[in-house]
Amino acid sequence: MFASVLIANRGEIACRIARTAKRLGMRTIAVYSEADRDALHVRQCDEAHLIGPAPAAESYLVVERIIEVARKSGAQCIHPGYGFLSENAEFAEACVAAGIVFVGPPPSAIRAMGLKDRAKALMQKAGVPVVPGYHGELQEPGFLKQKAYEIGYPVLIKAVAGGGGKGMRRVDRHAEFDAALESAQREAKNSFGDARVLIEKYVAAPRHIEMQVFADSHGNAIHLNERDCSLQRRHQKVIEEAPAPGMSLELRAAMGDAAVKAALAVGYTGAGTVEFIADGSNGLQPGGYWFMEMNTRLQVEHPVTEAITGLDLVEWQFRIAAGEKLPLTQAQVPLDGHAVEARFYAEDPARGFLPSTGTLVALQFPDGVRVDTGVEQGSAISPYYDPMIAKMIAYAATREAALEQLASALDRTVAVGPRTNLALLSSLCRAPEFRAGTFDTGFIDRNPALLGSAEPDGAAAALGAARLLEQEWARIGRSVNRAADEPPSPWDATDGFQLSGARVMALPVLLDGEPAEARVAYGRNGPAVTVAGEAPAADAMAVEADQAIYVLHRGRQTVVRPVQAGSGDVDHADGDGQIKAPMHGKVLALLVADGDRVEKGQRLAVIEAMKMEHALTARRPGRVAGIAVAPGQQVAEGARLMTIEAEGEA
Ligand code: ADP
């Protein structure tokens with residue numbers, strides 16, 4: 001076994017790898033960017049080395065920097081995790097050239113699987129079923145359109161260099177083909193520098209079923225059962241589980257066989273995942289699954305496989321990289337119980353899954369489930385990296401019990417600061433169709449109610465306003481409980497007004513940055529606060545931070561601020577479209593460039609102030625002009641950062 005490992009990654013996966021490496025007695029070496037100085041993975045490793053500024057292209061993706069640190073620190077091997085350099089053949093080669101073991105497959109296997117068209121051709125040759133379609137060289141639009149017609153609609157256009165669902169378009173009608181092709185090619189060109197596409201039959205009621213494979217350098221290859229990752233949003237996984245609902249022993253053996261064949265065909269070693277798309281319209285059926293692609297690394301969702309097999313996949317990766325043989329034969333691979341993983345993200349499902357940055361002012365995980373995380377209370381979710389907060393994995397004897405356990409764990413999770421997808425995740429765990437095992441990759445899109453409402457949550461807002469009121473009275477030395485008679489007006493600028501009967505005061509607040517009004521009625525039992533007619537939620541929790549009350553109500557966050565305290569998200573633009581710093585702070589990121597067209601609400605820059613990140617958004621559509629700051633720069637309150645010129649202005 002190796003004596004030391006450099007972990008070329010960050011976040012939860014760097015922490016996860018370090019855990020196993022330590023157990024195996026290795027010295028753990030972390031790398032980090034300037035944005036990650038205080039990150040958990042830095043503290044959890046034995047030593048850590050700065051490799052560059054926050055943007056990944058200048059730090060976690062710089063091959064030479066990482067190899068240099070590995071050399072200097074005497075790392076015997078490099079574990080790339082997932083993402084970043086994990087599927088970069090040049091990086092794997094650079095490791096070998098430096099005499100350091102790359103914990104992953106040989107560069108040739110990474111290359112063979114790197115492009116979807118080549119991988120498909122290879123798989124076809126090896127006798128693995130592939131989705132019917134066209135994956136040839138010719139890219140002439142008229143020709144591709146003819147191919148789509150021959151395949152039969154609906155079809156899926158995919159970037160050959162694709163990943164993360166980018167450059168992918170479903171086309172239902174011949175008349176829509178040209179426009180879809182154009183936009184897929186444009187996105188592919190922008191994301192991967194390669195506009196080439198392939199065309200596939202769009203599988204009906206698609207289920208995403210993937211097989212975990214392992215191969216050693218002695219010619220052995222096995223699979224560790226399947227994972228079902230069909231709960232997706234925009235072709236990205238949200239909830240994963242193992243085993244797949246409705247999977248039969250025969251089908252598992254057949255799909256496992258195909259996956260092992262795929263691995264052997266490219267001379268694979270280490271951990272890999274062979275992804276299949278299955279036609280779920282009649283349950284999983286023999287002959288109803290096709291190869292999609294192979295991921296030549298550890299997957300995000302590997303913990304569900306660990307749960308049902310009782311194995312540590314990272315340990316297997318290290319052992320195989322060190323030249324050991326696979327520790328089990330196919331027949332010895334266990335499969336016990338059921339595991340479900342939820343990807344807990346700082347994002348806003350109700351607003352198109354927009355990432356949400358900022359400091360996690362409160363973060364508490366429940367017990368009873370496995371939590372893989374790279375952040376803790378006080379950590380910032382920065383705009384530079386994937387905004388995952390944690391993976392939560394439940395394991396029980398049955399699927400029903402595992403889903404129940406996960407739902408309950410999600411309910412007991414507290415995350416305050418950025419918006420999160422907690423409410424979506426727990427609704428998914430409780431959705432009757434998903435519970436029944438009748439779902440496919442379109443499930444979330446077909447059920448937009450799961451995404452929650454973008455309308456203000458009155459009950460949460462009322463609780464927040466009531467807390468603000470209490471605070472204010474505490475500050476001026478009065479108790480809410482005995483204030484029934486002649487309460488002071490906490491916001492002097494907004495004196496109470498009278499309605500017939502009870503005394504009612506209007507209390508202006510900012511709800512998630514938008515002006516709103518709470519009403520305070522003074523009756524015999526003290527003040528009663530309402531917002532939009534709703535009383536304070538009894539089943540919510542409130543946290544005070546940054547002069548605001550963060551209310552967490554059924555997994556959804558509402559931030560309530562007193563109006564005159566100011567807010568990071570409003571009041572930074574005046575009528576001329578000038579974007580000004582809301583407070584003294586540091587420019588963390590510029591998200592636009594001079595001349596860019598922006599939409600109303602689009603994020604322009606991120607400023608860090610008082611340990612909070614504030615996203616500045618465009619208050620109107622227009623064009624960016626006169627950017628006056630650079631990332632890293634300190635700015636004074638009120639300093640002009642840029643101007644948004646209305647279209648038509650000079
Ligand atoms: P990427 O590499 O961009 O993630 P994949 O080829 O892995 O792209 O596909 C991602 C997702 O797109 C799959 O999990 C599935 O939901 C959907 N998908 C891919 N191919 C098909 C297909 N032929 N029919 C239906 N859905 C598909």
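Biologist: How far does a polar side-chain atom of Gln232 lie from an oxygen atom of the ligand?

Modeller: A polar contact is a pair of N or O atoms within 3.5 Å; inside the protein, one must be able to donate a hydrogen and the other to accept it, and residues adjacent in sequence count only if both atoms are side-chain atoms. Here, the distance for Gln232 is 2.6 Å. Before we go on: this is a predicted model, where local features need pLDDT of at least 70 and side-chain atom pairs count only at pLDDT 80 or more, while totals for chains, interfaces and linings use all residues. Residues are numbered from 1 along each chain as its sequence is written, and side-chain values use heavy atoms, with hydrogens and water left out.

Biologist: Which residues come nearest to the ligand?

Modeller: "Near" means that one of a residue's heavy atoms lies within 4 Å of the molecule or strand in question. There are 22 residues around this ligand, and Lys116, Gly165, Glu200, His208 and Gln232 come nearest.

Biologist: How much of the ligand does the protein bury?

Modeller: Accessible areas come from the Shrake-Rupley method with a 1.4 Å probe; for residues, only the protein chains shown count as cover. The ligand exposes 550 Å² when taken alone, and the protein buries 96% of that.

Biologist: Which strands each supply at least two residues of the shell around the ligand?

Modeller: Strands (E, at least two residues) and helices (H or I, at least four) are DSSP runs, numbered from the N terminus. For this shell, look at E7, E9, strand E10 (206-215), E13 and E14.

Biologist: Let's find E7 and E9, then. What is the order of the strands in the open sheet of four?

Modeller: Two strands pair if DSSP finds at least two bridges between them. In this open sheet the order is E6-E9-E7-E8, and the pairing is antiparallel. E6 (133-134) and E8 (168-171) are the edge strands; each has a single partner, so one side of each has no neighbour in the sheet. E7 (residues 155-159) and E9 (residues 197-201) are joined by five bridges.

Biologist: Which strands does helix H6 touch?

Modeller: Contact means heavy atoms within 4.5 Å. Angles run from 0 to 180 degrees between N-to-C directions, using lines fitted to C-alpha atoms, for helices over the stretch in contact. H6 (residues 116-125) packs on the sheet against E7 and E9, its direction making about 50° with that of E9. Helix H7 (residues 141-151) packs on the sheet too, touching E6, E7 and E9, at about 15° to E9.

Biologist: And the sheet of eight strands: what is its order?

Modeller: Read this open sheet as E14-E13-E10-E11-E12-E15-E22-E20, with antiparallel pairing. E14 (289-295) and E20 (370-373) are at the edges with a single partner strand each, so each has one side left without a neighbour in the sheet. On average, neighbouring strands here are turned by 25° against each other, direction ignored.

Six bridges join E13 (residues 270-279) to E14. In that pair, Ile277 faces Trp290 and Glu275 faces Glu293. Helix H1 (residues 11-23) lies across E20 and E22 (388-396), running at about 115° to E20.

Biologist: How many residues of E14 are buried?

Modeller: Buried means under 20% relative accessible area, exposed means over 50%, and partly exposed is in between (1.4 Å probe, protein chains only). In E14, seven of its seven residues are buried.

Biologist: Is Asn9 buried or exposed?

Modeller: Asn9 counts as buried because its relative accessibility is 3%. You'll find Asn9 in the loop between strand E1 (4-7) and H1. Its side chain reaches the backbone oxygen of Pro80 at 2.8 Å, and the residues Asn9 touches include His41, Tyr60 and Phe84.

Biologist: What about Gln557: buried or exposed?

Modeller: Gln557 is buried, at 6% relative accessibility. Gln557 lies in strand E30 (residues 556-562), and its side chain reaches the backbone oxygen of Gly417 at 2.5 Å.

Technical notes: Lists of a residue's contacts leave out its neighbours within four places in sequence.
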